[in-house]
Amino acid sequence: MTRPDISQEFKDYALRLLGTERYARFAQALDEEPSVSVRLNPFKSLWAGLSTEYLNGGDGPVPWASGEGGYLSERPPFTFDPLFHAGAYYVQEAASMFLGQVLCRYVTRPVIALDLCAAPGGKSTHIRSCLPEGSLLVANEPVKARAQVLLENLTKWGHPDVVVTNSYPRDFARLPAFFDLLVTDVPCSGEGMFRKEEDAVTGWSMEAVRMCRDRQREILRDVWPSLKPGGLLVYSTCTLNALEDEENVAWIAEELGAEILPLDVEPGWGVVGNLLPLSSVKDTVKAERLFPVAHFIPGFTRGEGFFLAVLRKNGEEGASDCGMSSDWYKSERVKSKKKRTVQASVPALPASCRSWLLHADTFDFVSDGPVWTAIRASFSRQIGLLRESVKVWQVGVPLATVKGKDYIPLHALAMSVDLNRAAFPVVPVSYDMAVPYLRKEVLVLPPDTPKGYVLLTFQDTPIGFVKNIGGRANNLYPQEWKIRTSYLSTYSLKGDLWRKSIE
């Protein structure tokens, strides 16, 4: 390791933890450039014709995220890719994609899931992609500024069965035995991100590591009551040390009460298991079987550092009635129909607006001031409990805002995978028009475009609405999400910039 910015204290600790041979590989990797990887949105990538086998600048698949994750040979200007803004893919560390392996193995029926420390949204979008249909995801971020980023990324991902919250872990204790799945990617010392984040390097010390460990335990202790007996906890960090990783997993199992579950890891992936030898077990293979955890370490796996373990909370599964059951859909559907009442002072949403969504009969349409939102009817009771207990920022699909007699379709509707495209005139746009749209510039559409609200698509993927008034089209892209840089570049993950005229 030639980097003088990394403290000798860390080097000495890593050498003791990893041993001479592993440390040498890790130290060499820290002098190398970090990799770049993306994960496709399974709900949208087919529209755009995206495939991990044919990515622009593709450099092979992420082995533990087959079909969804791919490496790129270098970091392109994602800001200028309309498919990025449309939520067709997410730029994510390859190691973090291992979460999908856990979810596919252990989550095989509809669940209520909480991603506790969710910003900026990589794991939340991945969780939502992997959960069985009929599941509800609550994505939470305690820090307000980071919660805004989380909301944007989940809106663009487009799944309707998501709730975004802005609350502290202790607030979820008001929902005892509510969640079937709890994902905690806790704040950590960030040793796995030394190649990317200078702050992680300059802020590192053993004292900071111990403070992180104590904070992580406080977070877990606070949120633990909200996990159902028999529910799953996924614990992860982007650090290497045993205090925040193995020791915390042991603490969860012993102090909170949980069983550490095995992980599916292929030998060729380079994933490293338990770094702390069990005193009573001399056989390394047996030790890893008794204490199954996964370390992704630069030099062993392609990507940044990551740690993950999965545990099952002690107790009998199904001890709470807040989760799912075999009769869940029927019972919740009956309850939701009984609760569908609208205050007399609020006009009913016109049928034409309800038709903006596919499967409209599965949604409740709720108004909050001028904004109408579509919420999956079968989740009405759970969402009601969430609203009473934590700070809910967004739920379901924000559909329209009312201005006088006009119902203006919201951008979240354009991003939704439940958007009914047949409800709007659709204009496919070229790359040279898509980027100005994302800059929120005024557009001029083909002369035969109908007046009114029009859906724009790029490579068959919706990118947003405009209101065509004839000579020009008013741009309805959210002001706070527009491309602001004056730097000019071109890029599309698909490769084809689609520069053909729309005329």
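This is a short tour of a predicted model, moving from a sheet to a helix and then to an annotated site.

**Before you click**

Residues are numbered from 1 along each chain as its sequence is written, and side-chain values use heavy atoms, with hydrogens and water left out. Because the model is predicted, local features need pLDDT of at least 70 and side-chain atom pairs count only at pLDDT 80 or more, while totals for chains, interfaces and linings use all residues.

**Stop 1: the sheet**

Colour the strands to begin. Helices (H or I, at least four residues) and strands (E, at least two) are DSSP runs, numbered from the N terminus. You will find an open sheet of four strands, ordered E2-E3-E1-E4 with antiparallel pairing; two strands pair if DSSP finds at least two bridges between them. Strand E2 (58-61) and strand E4 (89-91) are the edge strands, each pairing on one side only. From one strand to the next, the twist averages 30 degrees.

Now select residues 36-40 and 69-72. These are strands E1 and E3, which run antiparallel and are joined by four bridges. Val38 is a handy landmark here, standing opposite Gly70 in E3.

**Stop 2: helix H6**

Next, select residues 122-130. This is helix H6, which packs on the sheet and touches E1 and E4; contact means heavy atoms within 4.5 Å. The direction of H6 makes about 35 degrees with that of E1, where axes are lines fitted to C-alpha atoms (for helices over the stretch in contact) and angles run from 0 to 180 degrees between N-to-C directions.

Nine of the nine residues of H6 are buried, so the helix is largely enclosed by the rest of the structure. Buried means under 20% relative accessible area, exposed over 50%, and partly exposed in between (1.4 Å probe, protein chains only).

**Stop 3: the annotated site**

Select Cys117, Ala118, Ala119, Pro120, Gly121, Gly122, Lys123, Glu141 and Asp185, which an unreviewed UniProt entry annotates as "binding site". UniProt positions are given in the numbering used here, feature names are shortened, and annotations may be inferred rather than shown by experiment. Although spread over 69 residues of sequence, these positions cluster in space, with a largest C-alpha distance of 12.6 Å.

Zoom in on Ala118, in the loop between strand E5 (112-115) and H6. Ala118 counts as buried, at 4% relative accessibility. Leaving aside neighbours within four places in sequence, Ala118 is in contact with Ser124, Ala139, Asn140, Glu141 and Leu150.

Finish at Pro120, which lies in the loop between E5 and H6. Pro120 counts as partly exposed, at 40% relative accessibility. With neighbours within four places in sequence left aside, Pro120 is in contact with Tyr90, Arg146, Val149, Leu150 and Asn153.
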